[in-house]
Amino acid sequence: GNKNIQAKLVLLGDMGTGKTSLVLRFVKGQFYEYQESTIGAAFFTQVLSLNEATIKFDIWDTAGQERYHSLAPMYYRGAAAAVVVYDITSMDSFERAKKWVRELQRQGNPNLVTVLVANKADLESKREVQNEIGEQYAKDNRLLFFETSAKSAQNVNELFYEIAKRLAKA
Ligand code: GTP
């Protein structure tokens, strides 16, 4: 295959849920226990080659702190894919993720490929959000769903490959 696709991808979610960590795991294969909080937003690129297409991701990693909320539309406007992240050890972060999903459903691109990501799956002993809760919410809202760990790398590449596949099909 020889389709070349350039796709804007945005990450949204509460502060500290692991947005930057997921991107760094995907783009650089790295993880930092003391990852600094993002200010405003950070930009990354990564290319994924599938049989049917090559996808160049332009990735906007937004800041989760509430005071940056009003900037978010600049980042999800024109996006082909959105990754909404919560932390399985924080029910608050799941509630925040649901708000992002609703905002995207109201304001986002109607063809947006949206993924709900339950991160920090390595912290099972501190889990507050059961897998089934996230999965059911995703199903009800027609979102892709992955439980990931940026720390262990569980499901991180799978998540971005699935998005790439969806974009290649569109
Ligand atoms: P903001 O930039 O403030 O919105 O945060 P963020 O969502 O980008 O989170 P960040 O990647 O900065 O991670 C916050 C903290 O959680 C850091 O100390 C990371 O090391 C840690 N962290 C991120 N992902 C994981 C994970 O999968 N497992 C564990 N155990 N810790 C993680």
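I looked up how helix α1 (residues 19-28) and helix α5 (residues 156-169) lie in this predicted model, and their axes come within 9 Å and cross at roughly 85°. The helices are DSSP runs of H or I with at least four residues, strands are E runs of at least two, and both are numbered from the N terminus; axes are lines fitted to C-alpha atoms over the stretch in contact, with angles from 0 to 180 degrees between N-to-C directions. α1 is therefore roughly perpendicular to α5, a term for angles of 65 to 115 degrees.

I then noted that Leu22, Arg25 and Phe26 in α1 meet Val156, Asn157 and Phe160 in α5, where contact means heavy atoms within 4.5 Å. These residues divide into four nonpolar, one polar and one charged.

I next searched the whole structure for salt bridges (a side-chain nitrogen of Lys or Arg within 4 Å of a carboxyl oxygen of Asp or Glu) and found eight. In one of them, Lys151 pairs with Glu33, with the closest N and O atoms 2.8 Å apart. Lys151 sits in the loop between β6 (144-147) and α5, while Glu33 sits in the loop between α1 and β2 (41-49), so that the pair links distant parts of the chain, 118 residues apart.

For my records, residues are numbered from 1 along each chain as its sequence is written. Local features need pLDDT of at least 70 and side-chain atom pairs count only at pLDDT 80 or more, while totals for chains, interfaces and linings use all residues, and side-chain values use heavy atoms, leaving out hydrogens and water.

Notes:
Parallel < 35°, antiparallel > 145°, perpendicular 65-115°, else oblique. Nonpolar A, V, L, I, M, F, W, Y, C, P; charged D, E, K, R; others polar.
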